[in-house]
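Me: I am new to this structure and would be grateful for a close look at a single part of it. Please begin with one residue and its surroundings, and then lead me on to other places where parts of the chain meet.

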Amino acid sequence: MQARSSAWTLALIFTGLVLYASLYPFEGWRAQGVSPLAFLWAPWPQYWTGFDLWSNLVGYMPLGFLLALGMMRAGWGAWSWPLAVLWSLLLTLLVETVQNFLPMRVPSNVDLGLNAAGALVGASAAWVLQRLGALRRWSQFRADWFFPQAHGGLVLLALWPAALLYPASVPFGLGQVSERLEAGLVRLLADTPFLDWVPLRADTALPLGPLAEAFCVALGLLAPLLMGYADLRSVGRRGVFLLMLFACALGVSGLSSALTYGPSHAWSWMTPQAGVGMGLALLLGLLCMTLPARLCHVGLLLSLAVSLSLLNRAPVSAYFAQSLQVWEQGRFIRFHGLSQWLGWLWPFAALWLGARALARPPGRGD
């Protein structure tokens, strides 16, 4: 029987994010009167940076790796490696061709080559790991540590660090979308009678108080923690996961802050509220360590519901909104495309996963 692999889901998600990051902001479509494939024979671009080269090379490595891994686990054998590279090459060729019609994007044969090379490296890494038996050992590790239904939870847990890369007004406070959603609807429905249907906030939203902010920090950590608990087979493994999740949260939040404000401000996000929230999350994580999987999913849903309610009633500070200019207009625009949507959508995907798990008949571990 073919092994069910999270690699297919991750590859599909990554493909969508690559398309978004490469074609954002989807505005100003126009024809330039030149062949869409003229960039293939263009000379070396006049302006380029080392960051551009590395980001194009590294950006497609996960895609090549995930595609090759999914194909190998599906039993495609020797065809996995060339098909993964071919799919990635066709994707980057499509993206670079479409960029001809976007004024804020410039198609480049260098980008095409680097993207294909990145996919080649990623697919080759998967093939090497398969030959060395590492993928077989991972399958055994997964069977020993996780319940069989852990497929969706593992995908979301793998995406959680990437979602944290996009700066959040409250540490680990993912899903704060109300202001942007409201502004987007106003722009979309401007000069139409449907604008009156948009439920605009009548009063000025009040910012979160220190205790409410600390509570949101705690809930933002508790949600992925309980998601992992629900899929792990033993209390001891849950303890290891707790330590790994907190280490990941610290590292990724520090990286996000360093990219936004500079390396010297890597720990500026660690406010007293963040410290209290992390301490509370650690305490709650220890108390929940023996909960059955079904109650973990209940706690996951409650954590997300309360967190989203608090965050989306609060405004984004003017200072924080200004700091996002570095991401949304600067050289991090590719990471903006990949991580912003993850930060917005991750909690809602987790809500769906938790509700779906509770709708299943109780099984082993519940």
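Reply: Leaving aside its neighbours within four places in sequence, Ser-307 is in contact (heavy atoms within 4.5 Å) with Cys-216 and Leu-219. The model is a predicted one, in which local features need pLDDT of at least 70 and side-chain atom pairs count only at pLDDT 80 or more, while totals for chains, interfaces and linings use all residues. Residues are numbered from 1 along each chain as its sequence is written, and side-chain values use heavy atoms, with hydrogens and water left out.

Ser-307 belongs to helix H12 (residues 293-313); helices (H or I, at least four residues) and strands (E, at least two) are DSSP runs, numbered from the N terminus. With 6% relative accessibility, Ser-307 counts as buried. Buried means under 20% relative accessible area, exposed over 50%, and partly exposed in between (1.4 Å probe, protein chains only). Between Ser-307 and Gly-220 there are 7.0 Å in space, C-alpha to C-alpha, although the two are 87 residues apart in sequence.

Ser-303 also lies in H12. Its relative accessible area is 4%, so Ser-303 is buried. Not counting residues up to four places away in sequence, Ser-303 touches Leu-219, Leu-222, Ala-223 and Leu-226.

Two helix pairs may be considered next. The axes of H3 (residues 61-73) and H4 (residues 80-98) come within 8 Å and cross at roughly 140°. Axes are lines fitted to C-alpha atoms, for helices over the stretch in contact, and angles run from 0 to 180 degrees between N-to-C directions. H3 and H4 are therefore oblique to each other; angles under 35 degrees count as roughly parallel, over 145 as roughly antiparallel, 65 to 115 as roughly perpendicular and the rest as oblique. On the H3 side, Leu-63, Gly-64, Leu-67, Ala-68, Met-71 and Met-72 meet Ser-80, Leu-83, Ala-84, Trp-87, Ser-88 and Leu-91 of H4. By class, this contact of H3 with H4 has nine nonpolar, three polar and no charged residues. Here Ala, Val, Leu, Ile, Met, Phe, Trp, Tyr, Cys and Pro count as nonpolar, Asp, Glu, Lys and Arg as charged, and the others, Gly among them, as polar.

H5 (residues 109-132) and H6 (residues 134-145) pack with axes 5 Å apart, at an angle of about 75°. H5 and H6 are therefore roughly perpendicular to each other. Ala-126, Leu-129, Gln-130 and Leu-132 in H5 meet Ala-134, Leu-135 and Arg-137 in H6, and the residues of this contact divide into five nonpolar, one polar and one charged.

Aromatic rings complete the account. The structure holds six aromatic pairs; rings of Phe, Tyr and Trp (its six-membered ring) pair if their centres lie within 6.5 Å, and planes under 30 degrees apart count as stacked, over 60 as edge-to-face and the rest as tilted. The ring centres of Trp-8 and Trp-76 are 5.9 Å apart and the planes stand at 55°, so the pair is tilted. This pair links distant parts of the chain, with Trp-8 in H1 (residues 6-23) and Trp-76 in the loop between H3 and H4, 68 residues apart. Trp-8, at 34% relative accessibility, counts as partly exposed. Phe-172 and Trp-269 form an edge-to-face pair, 5.7 Å centre to centre with 80° between the planes, and both residues are buried.
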